[in-house]
Structure formats: C-alpha cells, structure tokens
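Subject: Structure for your review, with notes

Dear colleague,

Please find below the structure that I promised to pass on to you. My notes on it follow directly after.

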Amino acid sequence: MKEGERDMAISNLVTMVLRIVTATFLALLLALPAQAQQSSNQYSMQEIVDAGHGFFGSTSGGLAKVVERAFESYGLPNGYILGQEGSGAFVAGLTYGEGTLNTKNAGQHSVFWQGPSLGLDWGGQGSRTMMLVYNLPDVNALYERYGGVSGSAYLVAGVGMQVNVNRDVVLVPIRTGVGARLGINAGYLKLTRQPTWNPF
C-alpha cells in the first residue's frame, strides 16, 4: 500500500471511530433523563390523583385541587399513606387511624396513628385519609410525632388538608369522609408500627 493510500485509510478509520463515539455519547445523553425519571422514588401529581380517585371514589370531587395545592407548596412526595381514621373533639380531641405506607423503593408498610388536639374545635369525623409524605429518608424515620395546626370546616363528603412536620419530614393529610366538624385546633399525630390506645 502506498503512503498516500495508507494515510487515507487511517483518516477514514479515525473519522469512523469519531462518528461512533459521538453517536454513542449522544445516545447516552438522550437516555439520561428517562433513566433518572424511571429510577426516581418520587410520585408525580397524576400518580397521586389517580391513587386518590381510586381510594376515595365518588366523594373525591375536590381532591385534584387539594393535591395541586400540596404540590405547589411542597413539591413531589416520596411516599403516601392510604387509610381510615376517626376523630372527635369538644375543645380537647382525639384521633385514631390506620393505613398503609406506599413507596417506590421500599415497598408497602403498615402504619397506625394516634394523637391529641386542643382548641376551638367540636364535632366528629370518620374519614378516608391520604397522607402525602415528603423528605422521608427511610421507612423507620416515619414512626415519629408530627406537630401541626388544622383549621378546616368539615361537611358531608368534604375535603380538607392539614400539614404536620417532624424535622425535615412533612406529612400532608388529605381527608374526606362522613360527619361534621368545625373549628381550629393544634396537636400532633404519633405514627407507630403497631396499634395503641395511648395517643401520647
């Protein structure tokens, strides 16, 4: 092979290798967002609304608006709890509930909650409850006390939202149910692995 032909072959080989490397790099670059989205442990608003509609059924008319407000304030949750609770108050009140924590990377886990409250509050409420869970580092971190203030007017089939916080972890309970409760109260929810009658 002559020297000119050899230089031309080397040039063609280098060009072909560069094209392959460039094409591979671009393919990986385009694939990154999809992989990041698939490996995310957070839930989109549509996933939460779909889960809520399936859980609350026909009483969930205001659910999408409440969920949208929660997403605007706190972003994407990395877990949610579906369950039921009962509460009652005449100045002082008590709440008891149970449900299942759903996560993308740690599966499902049973959870129970109890809590006292105090305030200008009276009535009773039987609720289906969805709690959005934010900034949960691991499942064990869920089982703590979460302080919060609730100020909602509950009507038949009404929807209400509350915010409870423990350090960086935020719970946003969304409730809809049967009963009537009116007022504003301060208290906390204690989340446990096992049911207990002790709200403290």
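To begin with the loops, Arg167 is found in the loop between β5 (163-166) and β6, where helices (H or I, at least four residues) and strands (E, at least two) are DSSP runs, numbered from the N terminus. Before going further, please keep in mind that this is a predicted model, in which local features need pLDDT of at least 70 and side-chain atom pairs count only at pLDDT 80 or more, whereas totals for chains, interfaces and linings use all residues. Residues are numbered from 1 along each chain as its sequence is written, and side-chain values use heavy atoms, with hydrogens and water left out.

Arg167 has a positive phi of about 55 degrees although it is not a glycine, and with a relative accessibility of 71% it counts as exposed; by the convention used here, buried means under 20% relative accessible area, exposed over 50%, and partly exposed in between, with a 1.4 Å probe and protein chains only. Asn135, in the loop between β2 (108-134) and β3 (145-154), is likewise a residue other than glycine with a positive phi, in this case near 60 degrees, and its relative accessibility of 48% makes it partly exposed.

As for the overall arrangement, the protein has 3 helices and 6 strands, and these follow the pattern α-α-α-β-β-β-β-β-β along the sequence. Of its 200 residues, 38% count as buried. Among contacts (heavy atoms within 4.5 Å) between residues at least 6 apart in sequence, 69% join residues at least 24 apart.

On the side of α2 the contact is made by Met45, Ile48, Val49, Gly52, His53 and Phe56, and on the side of α3 by Leu63, Ala64, Val67, Glu68 and Phe71.

Helix α3 itself has 12 residues and reaches 16 Å from its first C-alpha to its last, close to the 16 Å expected at 1.5 Å a residue, the expected span being 1.5 Å times one less than the number of residues. Its buried residues are Leu63, Val66, Val67, Ala70 and Phe71. Seen down the axis of α3, these fall within an arc of 135 degrees, so they line one face of the helix; the arc is that of the directions from the helix axis to the C-beta atoms. The face turned away from this buried side carries the exposed residues Lys65, Arg69 and Glu72. After α3 comes Gly75, whose phi is positive, near 85 degrees.

Thr129, in strand β2, is buried at 1% relative accessibility, and beyond its neighbours within four places in sequence it is in contact with residues including Phe55, Phe56, Trp113 and Pro173. Thr176 lies in strand β6 (residues 169-192) and is also buried, with a relative accessible area of 4%. Thr176 and Gly62 are 114 residues apart in sequence, yet 9.4 Å apart in space, C-alpha to C-alpha.
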